[in-house]
Amino acid sequence: MSKKKPVTFRPFKAPRYSFDKLRICRRCGRYTALNEERCTKCGKASLVSVEHYASARAGRKMHTRLLLVLLLTLVSVYFGDSTLQMALCGAGGLLLTGLFYYTQRKVRQNENLRALEHLLAYNIGIIKEGLELNRQEAVSVLRENDVLAYEKLREIAILLRGDRVARQRVALLHGFQLRKDMDLEMEQLLLREFEPLLAEYIGEIAKVRRDLIKDRTLRYVQAYETQIRQMDKGIAILTGVAGAAVRMKRYALLHSRFIGRYVHELPKDRFLRLARLIEANPYEPWNGLDQTVAEIREFKYRWDPEFQ
């Protein structure tokens, strides 16, 4: 097995909304999820967020409507039969223009959202094409800079979901030395099928970031428990995940049968955590886990002061 190398990732913060990562080139209309300075298609520094682009389009439409009202006002004044009629048409038109302008300002935010929804809905094919080009770009730099390739795939994964990108990210992470201080992910990388590299990654996460082992990961591990057991370090992976599950009472209860199959292998600190959970909640449905823990405690830790 090749030695894992220590790496450092650039700070990454997931956006509140997925489309916050998406930008569009005002010149050629290409979409991208990467933090590029210039559009890789036309080479122009004309990339803007889709929200800004949609807002500008909505603003132009509203200005066009306002100009149309002004034009109609001028036409009515021009065709007035008398000075009084022209004055009334002009005053009425200006009043209508003012009311229309005020109304547009009130509904501007709704118009911006409507324009954004329309932009995303009617350009989904072009957006997917741009994201696929982003993915290919990330893969193209893999040999020269695998860390940069991973960081690009991490950016793209906010919008381009699916096993393909997740599997590529897992393969890259497999070659990195994971640390507690790293910006790591877990549930975003889960696949629909069994993947040995993903199982190994889950085992590493269980060591360095137990807090990332949650419901979906626990269900994935149990779904492919048989395949993981057949791996060289399969029992260690499953034991690590079981140890991570005792972090919370809810997980320990929901997955008590799974934990029970590996409770004999748990390190002392995780077993102590589980024993204290059961001791604090003796009337919960532990599905026999409480009895197993009591037997191990008596046999293995009978004289240990921490268990007294």
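What follows is a run of questions and answers on this predicted model.

Me: Okay, how many helices and strands does the chain have?
Reply: Both kinds of element turn up here. The tally for the chain is 14 helices and five strands.

Me: Is the chain more spread out or more compact than the globule rule gives, and what's its radius of gyration?
Reply: For 308 residues the globule rule gives 19 Å. The chain comes out well over that, so it's more spread out than a compact globule. As for the radius of gyration, that's 30 Å.

Me: Which residues does the UniProt annotation "transmembrane region" cover, and how much of that span is helix?
Reply: According to the unreviewed UniProt entry, the annotation covers residues 62–79. In the model, the end C-alpha atoms of that span lie 26 Å apart.

Me: Is Ser-46 buried or exposed?
Reply: Ser-46 sits in the loop between strand S3 (31–32) and strand S4 (47–49). Leaving out residues up to four places away in sequence, it touches Ile-24, Cys-25, Arg-26 and Arg-27. The cut-off for buried is under 20% relative accessible area. Ser-46 has 6% relative accessibility, so it counts as buried.

Me: And what covers the buried residues of H6?
Reply: Helix H6 runs over residues 163–173, and its buried residues are Asp-163, Val-165, Ala-166, Arg-169, Val-170, Leu-172 and Leu-173. An α-helix has 3.6 residues a turn, so residues three or four places apart point the same way. The cover for those buried residues includes helix H4 (124–140), helix H5 (146–156), strand S5 (176–177) and helix H7 (196–208).

Me: How far apart in space are Glu-284 and Leu-253?
Reply: In sequence they're 31 residues apart. Still, Glu-284 touches both Lys-249 and Leu-253, not counting residues up to four places away in sequence. C-alpha to C-alpha, the distance between Glu-284 and Leu-253 is 7.8 Å.

Me: Last one: how far apart do the centres of the positive and negative side chains lie?
Reply: There are 54 positive side chains and 36 negative ones in the chain. The centres of the two sets lie apart by 5 Å.

How values were computed:
Residues numbered from 1 in each chain as written. Predicted model: local features only at pLDDT ≥ 70, side-chain atom pairs only at ≥ 80, totals over all residues. Heavy atoms only, no water. Helix = DSSP H or I, 4+ residues; strand = E, 2+ residues; numbered from the N terminus. Rg over C-alpha atoms; globule rule 2.2 N^0.38 Å. Lys, Arg positive; Asp, Glu negative; His and termini not counted. Charge placed at Lys NZ, Arg CZ, Asp CG, Glu CD. UniProt positions renumbered as here; feature names shortened; annotations may be inferred. Buried < 20%, exposed > 50% of the residue type's maximum accessible area, 1.4 Å probe, protein only. Contact = heavy atoms within 4.5 Å.
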